[in-house]
Structures are given as C-alpha cells and as structure tokens.
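Welcome! Please take a moment to look over the sequence and the 3D structure shown here, and keep both in view as you read.

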Amino acid sequence: MDLGFSWQSLRVELERMATAVAWEAAKPLVIEEVEVAPPQKNEVRLKILFTSLCHTDVYFWEAKGQTPVFPRIFGHEAGGIVESVGEGVTDLQPGDHVLPVFTGECKECRHCKSEESNMCDLLRINTDRGVMINDGQTRFSINGKPIYHFVGTSTFSEYTVVHVGCVVKINPAAPLDKVCLLSCGISTGLGATLNVAKPTKGQSVAIFGLGAVGLAAAEGARLAGASRIIGVDLNPSRFNEGRAFVVVSAKKFGCTEFVNPKDHDKPVQERLIYAFNAQVIAEMTDGGVDRSVECTGSIQAMISAFECVHDGWGVAVLVGVPNKDDAFKTHPMNLLNERTLKGTFFGNYKPRTDLPAVVEKYMNKELELEKFITHSVPFSEINKAFEYMLQGESLRCIIRMDG
C-alpha cells in the first residue's frame with residue numbers, strides 16, 4: 001500500500017499531536033493538540049492512518065449505564081504504522097503495518113495457550129480502565145492534565161500508544177482504509193459464524209440483528225456455503241434498499257429471506273417489541289434452522305435464537321451484550337433435545353495469531369469489506385461520523401486521519 005511517505009520520517013519526539021478528545025458525555029469531540037508520550041516497556045507507538053466509528057464508541061461516549069471516564073480518547077477500529085517501540089518489543093519494528101485491537105493476546109497465559117479460548121488474562125477488554133497496564137499512567141496529556149485511554153487503543157488520535165499484545169502485524173500491501181474494519185465488529189460477526197456456529201455447506205442459518213456485526217455474521221454464512229440465510233430485524237430497510245441513504249442491504253451479504261418480528265403473531269415469549277418469533281422460523285425451515293447467530297443484545301432475541309434451531313443438531317451462538325440485569329430463561333428440554341447454546345467473544349479469533357489470515361481472505365477476494373463502508377469523512381469532521389450512526393444512516397464510517 002503506497003502511503004505517500006516514508007516511515008523513517010515518523011520517528012520524531014512527539015510533543016503535541018492532533019487528537020479528538022471527548023471532554024464529557026454525549027458532547028461533540030474537540031480536536032486538540034495532545035501530548036503523546038513515548039512507548040514504555042512492552043508498548044508500541046502507532047501513527048493512525050484510518051480509523052472507523054463502531055457503536056461501542058458511541059455507547060461509552062453517551063455514558064449510559066456505565067462508569068463515565070472523561071476526558072477520554074475513543075476509537076478502537078483502526079489501521080496504522082508502527083512509529084516506535086518500547087523496551088522488550090521484539091516482534092514489531094518501525095514501519096510495520098498493523099491493526100490495533102481492543103482485546104489482546106499475550107501468548108503466555110492459559111487462555112492464550114489454549115486452542116479453545118481467545119480471552120487473554122492480561123489483555124482482555126476493560127472498558128473502565130483509562131490507563132496503561134504497565135505503570136497505571138496515561139500516555140496522553142494536555143498541559144500536564146491526563147487524558148484517558150479507551151479499551152487500550154484510543155485511535156481517534158494521530159498517534160496512540162498501545163500494548164504490544166494488542167497490535168497485529170499484517171500484510172503491508174493490504175489497504176488500511178478497508179482492513180481497519182477487522183479490528184472489531186466485522187471480525188466479531190464473521191468469526192461467530194465461521195469459528196463458533198460452523199455451518200456446513202447447504203445448511204440454514206438465521207441471523208438476529210442486521211447491523212454491521214449481524215451482516216458480518218451473514219457474510220460468514222455466505223462464505224461457509226449456507227443455502228438459506230434468514231435475516232431477522234425490526235427494520236425492513238435493512239433487507240431492501242429502503243431510504244435513499246441506506247446504501248447496503250442484507251441481500252448483498254448473502255441473506256436470502258427476511259423476517260420482521262412485528263409482522264407475525266406467534267411469539268414464543270411474552271409480546272415485546274424484540275420478541276423475535278422462533279416459531280415462525282421453525283415453520284419456515286421444517287423444524288428449525290441448523291444454526292443461528294444473535295447480534296442484538298436483546299434477551300428476547302437471544303431466547304428466540306436458541307429456540308429456533310433444530311433439535312438434535314441445532315447450534316445457537318450469542319454475540320450481543322445484554323443489559324447487566326438481564327437473565328436468560330428457557331426450558332431445560334430445549335437442551336435435553338440436543339440443541340447447543342454457545343457464546344463468543346471477538347468471534348473466537350486470537351488477534352495476533354488469527355487476524356493476519358483474515359486480512360489475507362480480503363486480499364484474496366474471498367471476503368468483501370467495501371460493502372460495510374457507508375461513509376467516509378476527514379478527521380476534522382469526526383463528529384459527522386457520530387451523527388450518521390446516531391441517525392441510523394451508517395454501518396461503518398471511515399475517518400481519514402490526514403484530513
């Protein structure tokens with residue numbers, strides 16, 4: 001990828017660099033000149049070239065139901081180049097093309113050494129921590145005042161400092177304005193289907209929720225060769241073209257059918273707006289789908305995703321994050337009848353080990369990323385990205401850091 005400059009020019013003692021700071025909840029970000037400290041032990045300083053807005057950024061920026069940590073630098077889907085490395089970093093060097101990831105892989109803990117888990121003990125996501133784990137300090141400041149990190153990445157900044165275990169080295173030929181999407185949502189949905197649900201060719205798959213993660217799950221079902229991909233969502237414009245600004249539809253991601261729960265009158269659970277209709281799907285598919293992937297965070301959707309899979313072999317995978325007081329309730333016979341319920345975190349991908357191969361899927365034209373990108377804005381207009389998402393107009397908005 002021709003970036004138009006040499007990485008050697010990046011090695012400078014940074015003092016004040018352009019950063020989008022969230023000073024308080026739900027207020028527009030402010031472009032500030034922020035001091036970015038050099039990387040410490042086991043840390044890497046990155047020049048971010050492209051970043052994307054994920055709904056998780058918006059959720060914590062709004063600070064609804066979480067511990068507010070401000071002032072803060074959000075952002076966690078991005079692509080960039082290593083500018084400098086700290087003590088102890090041996091597998092990265094200045095000039096490497098990388099993806100920073102909100103969850104890490106230390107390669108030393110029991111989870112990292114297990115073939116069954118990607119939930120690193122050291123570097124698992126922590127949304128409340130606003131400092132580096134090495135010394136409990138931030139690497140961002142304005143006139144000595146600390147500016148806090150977000151999920152260890154803080155990519156809404158021209159430069160950022162990240163733990164080496166959260167930095168994935170990738171093919172330098174990969175376009176960073178496309179593969180940056182693999183840092184979070186797209187990998188989560190894709191891996192939920194390919195790595196956890198694991199549909200085989202010709203099987204049927206139901207996808208609950210057709211946002212970016214759900215559409216990535218549908219993309220995974222398409223790649224696996226599913227014969228029927230049933231999209232379940234309350235918004236019909238997500239399946240058809242709908243309003244003018246909706247520039248993608250579920251059909252483009254492989255969905256063959258669409259179910260809107262509001263159009264049916266046979267709920268399995270109590271009548272709630274997100275009481276997705278498992279019975280309707282079971283009737284459509286002669287007893288249930290082979291696999292389902294839930295991507296909404298609605299507890300009713302989770303229950304329906306489990307209850308709509310076929311007995312004997314059906315597998316349901318939960319991706320969405322529920323409210324902290326929610327409880328999952330289903331009859332034990334659903335398990336005794338040999339349905340399987342699974343959960344997943346980041347699509348069960350180990351970031352440093354597995355993501356380079358996902359990038360290669362894109363490079364080999366097996367995986368399409370362009371269709372997830374609905375908008376692109378320069379860094380100076382980052383607040384427009386928030387507006388697009390809040391208005392429901394955006395799957396992913398690419399933010400160009402050079403503008």
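## Before you start

This is a predicted model, in which local features need pLDDT of at least 70 and side-chain atom pairs count only at pLDDT 80 or more, while totals for chains, interfaces and linings use all residues. Residues are numbered from 1 along each chain as its sequence is written, and side-chain values use heavy atoms, with hydrogens and water left out.

Helix and strand names follow DSSP runs (H or I of at least four residues for helices, E of at least two for strands), numbered from the N terminus.

## Two crossing helices

Let's begin with helix α1 (residues 55–62) and helix α10 (residues 382–390), whose axes come within 11 Å and cross at roughly 95°. Here an axis is a line fitted to C-alpha atoms, for helices over the stretch in contact, and angles run from 0 to 180 degrees between N-to-C directions. The two helices, α1 and α10, are therefore roughly perpendicular; under 35 degrees would count as roughly parallel, over 145 as roughly antiparallel, 65 to 115 as roughly perpendicular and the rest as oblique.

On the α1 side, H55, V58, W61 and E62 make the contact, and on the α10 side F386, M389 and L390 do. Contact means heavy atoms within 4.5 Å. By class, this contact has five nonpolar, one polar and one charged residues. In this scheme Ala, Val, Leu, Ile, Met, Phe, Trp, Tyr, Cys and Pro are nonpolar, Asp, Glu, Lys and Arg are charged, and the others, Gly among them, are polar.

## Aromatic rings

A search of the whole structure turns up 11 aromatic pairs. Rings of Phe, Tyr and Trp (its six-membered ring) pair if their centres lie within 6.5 Å; planes under 30 degrees apart count as stacked, over 60 as edge-to-face and the rest as tilted. F102 and F345 have ring centres 6.0 Å apart and planes at 85°, so this pair is edge-to-face. F102 lies in the loop between β5 (97–100) and α2 (110–113), and F345 in the loop between β15 (340–343) and α9 (351–363), so the pair ties together parts that are 243 residues apart in sequence. Both F102 and F345 are buried. Buried means under 20% relative accessible area, exposed over 50%, and partly exposed in between (1.4 Å probe, protein chains only).

Elsewhere, Y59, F60, F70, F74 and F150 form one aromatic cluster. A charge also meets a ring: the charged end of K371 sits over the ring of F253, 4.8 Å from its centre. That label applies if NZ of Lys or CZ of Arg is within 6 Å of the ring centre and within 35 degrees of the ring normal.

## Backbone details

Most residues other than glycine have a negative phi, and most peptide bonds are trans. With that in mind, look at the peptide bond from F70 to P71, which is cis, with omega near -5°. P71 lies in the loop between α1 and β4 (77–85).

A26 is not a glycine, yet has a positive phi of about 65°. A26 is in the loop between β1 (17–21) and β2 (30–36) and is partly exposed, with a relative accessible area of 42%. K198, also not a glycine, has a positive phi of about 50°, and lies in the loop between α4 (185–197) and β10 (204–208).

## An enclosed helix

How many of the nine residues of helix α7 (residues 299–307) are buried? Nine of the nine are, so α7 is largely enclosed by the rest of the structure. The buried residues of α7 pack against β10, α6 (278–284), β13 (291–294), β14 (315–318), α8 (333–336) and β15. One of the buried residues is S304, with 2% relative accessibility.

S52 is in strand β3 (residues 43–52) and is buried, at 0% relative accessible area. Leaving aside neighbours within four places in sequence, S52 is in contact with D57, E77, F156, L181, R396, C397 and I398.

T193, in helix α4, is buried at 0% relative accessibility. Not counting residues up to four places away in sequence, T193 touches K198, P199, A217, G220, A221 and V293.
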